[in-house]
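This report describes a single protein model, starting with its surface and going on to one of its sheets.

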Amino acid sequence: MISGGLQPQDTIVAIASAPGRGAIALVRLSGPDAFAIAAKHLRVLPRESRVAQLCEIFSGEEKLDEAVVTLFPAPNSFTGDDTVEFSTHGGYLVPSSIVAALTTSGARQALPGEFTRRAVLNGKLDIIQAEAIGDLIDASSRIMQRTAINQLDGGLSRRLLNLRNDLIELEALIAYDIDFPDEDDGPIPRVRIEEATAAVLKSLNLLLATAPTGELVREGAVVVIAGPPNAGKSSLFNALLGRSRAIVTEIPGTTRDAIEAVVDSGKWPLRLVDTAGLCETDDRIEKLGIEVSERYLADAHVVLACAENDASVEHTRSLVSQRTEAPIIAVRTKADLAPNVEQYEHGADAGIVVSAETGSGLQQLVTAIDNAIDDYQGALPPDLPILTRARHRKAIEVACAEVEQFRQAWCTERLPVTIAAVHLRTAVSELEELIGTLEIEDVLDRVFSSFCVGK
């Protein structure tokens, strides 16, 4: 069943590059009539496929642009259909006028994600790889970029297919035991099926354990900057961010609400949160800001306890520790006002002296944040693909639960084998839906709803 407006026989067109002023824009035309439609607007259609050729583009007798045109015959194109790509001059008007001309000749404006959707339907990509394209476009950190490229390369897909194959082999063992119980080899030893089930469960659980890491990669680790009013929190926030986002004054209580920004530490994406100062106050608005700060502290992955001197830092650590279970890094701010202060000790934990004014201590602080996340969350698995979306996590959780129910039924013999095996079939179906090996238009709708039009 094809969703409304999505007809595979349509030839679709869209601007595939970002809108706005730029040197080059890319117009993509794909579908069964792509070459015929393009020929109506080119004096000479390129003769060789996959070879860029300079062409004049016309709408009737009006010249629209001189562009580089490349033909990609099916099935050797991104979508798997005949595709023409026009590398035009940038800006708004030139590419838009070419799209308008192509639509008057029979093309349809593509819907968001429709090119990638066709690539999935034509077997060029699976759904996990299609999602990776969206993640790569949205990547705001190097680790998200690397993770998306790994998934686009098929790392997670291969892992899921291997798990699916393991489950099918387990089903085959059970089917053999049911259908051919009197063969010369005798029945399948129960321990063999128990061991195979345990191995699949272990692999599923290992993959599921990557979900929290995947969430951190996508959303960023929440790093809350906490401390009393006028402790240099907003200055530290701006210094870590590399630009001014928070208002900085000498007036205590300037920050009334939490301010968020994402910075790439090089290891983890960090969601820095500048919060209202922790203090006793009768100001109603300031109280609301402190309540917001406390909510962020409860959800933090790391907290920076900031103050100007040793006594205030210790007091801040004590206040913060009552509101969060996250690791706390002691930070003495405004080091430029006391330049001879060295790193100091708080029990077994080393505090860090920083200056937002001079930048001293900032790299040491970022390294400490990365290390705290590693200790709290666990280091990023070097080879194991990770689950980066709620859809992935839910499917693996269901598959795990189904395999566990089969294991219990098999070990206790409380259900007939044919009924217990239904749990394995459900687990296989979950993995197939996750990868996209089934006819699942509703899943495609959800996946591509957030894509840009040119993809």
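## Surface and overall content

The accessible surface of the protein amounts to about 22,100 Å², and carbon and sulfur atoms hold 51% of that area; accessible areas come from the Shrake-Rupley method with a 1.4 Å probe, and for residues only the protein chains shown count as cover. The model is predicted: local features need pLDDT of at least 70, side-chain atom pairs count only at pLDDT 80 or more, and totals for chains, interfaces and linings use all residues. Residues are numbered from 1 along each chain as its sequence is written, and side-chain values use heavy atoms, with hydrogens and water left out.

Of the 455 residues in the protein, 47% are buried (under 20% relative accessible area, 1.4 Å probe, protein chains only). The protein has 15 helices and 14 strands, taken as DSSP runs numbered from the N terminus (helices H or I, at least four residues; strands E, at least two). Among contacts (heavy atoms within 4.5 Å) with a separation of 6 or more, 64% join residues 24 or more positions apart.

An open sheet of mixed pairing is formed by six strands in the order 3-4-5-2-1-6, where pairing requires at least two DSSP bridges between two strands. Strand 3 (53-59) and strand 6 (108-109) are the edge strands, each pairing on one side only.

Four bridges link strand 1 (residues 12-15) to strand 2 (residues 24-30) in the antiparallel sense. In strand 2, S30 is the residue opposite I12.

## Helices on the sheet

Helix 2 (residues 93-104) packs on the sheet and touches strand 1, strand 2, strand 3, strand 4 (62-72), strand 5 (83-89) and strand 6. The direction of helix 2 makes about 170 degrees with that of strand 1; axes are lines fitted to C-alpha atoms, for helices over the stretch in contact, and angles run from 0 to 180 degrees between N-to-C directions.

Helix 3 (residues 114-121) lies across strand 1, strand 2 and strand 6, and runs at about 135 degrees to strand 1.

Conventions. Buried means under 20% relative accessible area, exposed over 50%, partly exposed in between (1.4 Å probe, protein chains only).
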